Amino acid sequence: MFSFKILKRSKLSRARLGVISTPHGEIETPAFIPVATRATVRTLESREVRDAGSRMLICNTYHLHMMPGEQIVQKAGGIHGFMQWDAPLMTDSGGFQVFSLGFGSDHGMGKILKEEPERTIVQGTQPSSVKITDDGVHFRSPVDGSPLFLGPKESVRIQEKLGADIIFAFDECPSPLADEAYMRTSLERTHRWETTCLNVRKRSDQAMYGIVQGGTFPHLRIESANIIGALPFEGFGVGGEFGYDKRSLRRMLGIVNDVLPESKPRHVLGVGHPEDFSYIAEGGGDTFDCIAPTHYARRGVVFTSTGRLEIKKRRYLTDQKPLDHACACDVCKTYSRSYICHLMRAHELTGMKLTSYHNIHFFNARAALIRHRIANDEL
Ligand SMILES: [Zn+2]
């Protein structure tokens with residue numbers, strides 16, 4: 001069964017050391033959660049992801065619903081059996097992807113902002129390619145254009161078939177361009193949807209996390225945390241945009257986590273570059289997921305203890321050192337920058353696999369360092 005135990009609370013910040021227990025094992029927190037969008041951490045096998053130090057993955061409900069469909073996955077024994085991952089798993093609600101098809105593609109942006117946006121999405125606005133109603137979202141399949149619908153009931157039904165240990169309530173992930181009035185309406189809708197998710201869930205072996213939204217408006221964040229925090233979820237996700245710099249991430253998480261029940265785990269959705277880890281932990285986050293390690297790896301960007309390295313650059317062709325001298329991963333123990341540089345320049349798939357493995361290992365090792373620092377009263 002699902003449980004969360006706090007082993008230690010920091011005296012310096014909101015950080016805590018904990019253990020999440022699930023039917024498929026335990027995970028120490030704070031922890032980085034790699035993204036296995038279509039039931040794979042791109043380029044890597046499940047056992048490699050595990051060898052690289054990962055203890056939990058998050059898969060994408062929307063993508064698995066579109067392809068191959070939840071029935072196929074269910075027949076294979078859920079995602080665990082399907083991808084041969086015998087450890088904890090999360091699925092997101094699918095909301096973020098559906099909304100990305102709407103305002104996200106209208107305005108060509110995701111949820112991380114570089115600067116203060118012009119808030120051009122006002123109350124009552126509908127995105128061009130999706131239609132939001134009280135029951136959910138109508139949208140068109142990006143595959144064949146056929147009409148589709150996803151709402152709280154559908155999201156829970158799909159996630160129960162996918163069978164992850166932790167599932168998320170369906171929420172609207174509003175665009176960073178939304179003004180306050182839009183954000184408030186969206187928040188009220190999200191709160192209704194999340195209550196529906198609790199009411200329609202059938203599986204008692206899956207934990208359900210409620211999601212706090214509210215964007216960069218602190219009073220909306222507090223309101224959302226109060227409402228969602230009072231509902232009988234096993235844990236909580238904090239979603240949406242956090243602001244324009246790393247400190248606002250910590251501040252906004254702190255505001256939310258001061259309201260949420262202290263004894264339940266918190267997951268920060270879609271955030272987690274290595275330089276963010278300490279801010280997330282200090283803000284009271286327990287787990288967090290981010291596509292960065294594999295996304296960058298496939299483009300030849302390697303994270304190291306001395307910063308990022310663009311391994312495709314010609315100068316690395318003659319560099320016999322490992323990617324990161326301080327890294328204990330199998331790739332760094334075995335291969336040189338020279339070899340990996342050559343593979344990436346030659347567009348060999350093995351190059352992407354090696355950089356992905358190293359980056360995942362690096363992110364996991366960074367999270368382990370955060371746990372070590374909390375244990376030693378340094379964070
Ligand atoms: Zn390495």
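**Two domains**

This is a predicted model. Its chain splits into domain 1, running over 3-290, and domain 2, running over 298-359. Where the two meet, 9 residues of domain 1 touch 7 residues of domain 2. Together they bury about 750 Å², and carbon and sulfur atoms account for 58% of that area. On the domain 1 side, three residues stand out: R42, T43 and L44 supply 52% of what domain 1 buries against domain 2, more than any other three residues.

The interface of domain 1 and domain 2 has 2 salt bridges. Elsewhere in the list of contacts, the side chains of E275 and R308 form a salt bridge, with 3.6 Å from N to O.

**The zinc site**

What holds the zinc ion? Its protein donors are C327 (SG), C329 (SG), C332 (SG) and H358 (ND1), at 2.1 to 2.3 Å. Along the chain, these donors follow the spacing C-x1-C-x2-C-x25-H. The site is tetrahedral, with angles of 99 to 121° among the 4 donor atoms. For comparison, the ideal angle for four tetrahedral donors is 109.5 degrees.

How many disulfides does the structure hold? The count is 0. Take C59, which is in no disulfide: the nearest cysteine sulfur belongs to C290 and is 16 Å away. A disulfide is a covalent bond between two cysteine sulfur atoms, and the cut-off used here is 2.5 Å.

| Residue | Relative accessible area |
|---|---|
| C329 | 1% |
| C59 | 2% |
| C332 | 9% |

C329 counts as buried because its 1% is under the 20% limit. C59, at 2%, is buried as well, and so is C332 at 9%. Of these, C329 and C332 are among the donors of the zinc ion, while C59 is in no disulfide.

Methods. Residues numbered from 1 in each chain as written. Predicted model: local features only at pLDDT ≥ 70, side-chain atom pairs only at ≥ 80, totals over all residues. Heavy atoms only, no water. Donors = N, O, S within 2.8 Å, 3.2 Å for Na, K, Ca; no water. Tetrahedral: all angles 85-135°; square planar, octahedral: opposite > 155°, others 65-115°. Buried < 20%, exposed > 50% of the residue type's maximum accessible area, 1.4 Å probe, protein only. Domains from an automatic or database assignment. Contact = heavy atoms within 4.5 Å. Buried area = accessible area lost by both parts, 1.4 Å probe. Salt bridge = Lys/Arg side-chain N within 4 Å of Asp/Glu carboxyl O.
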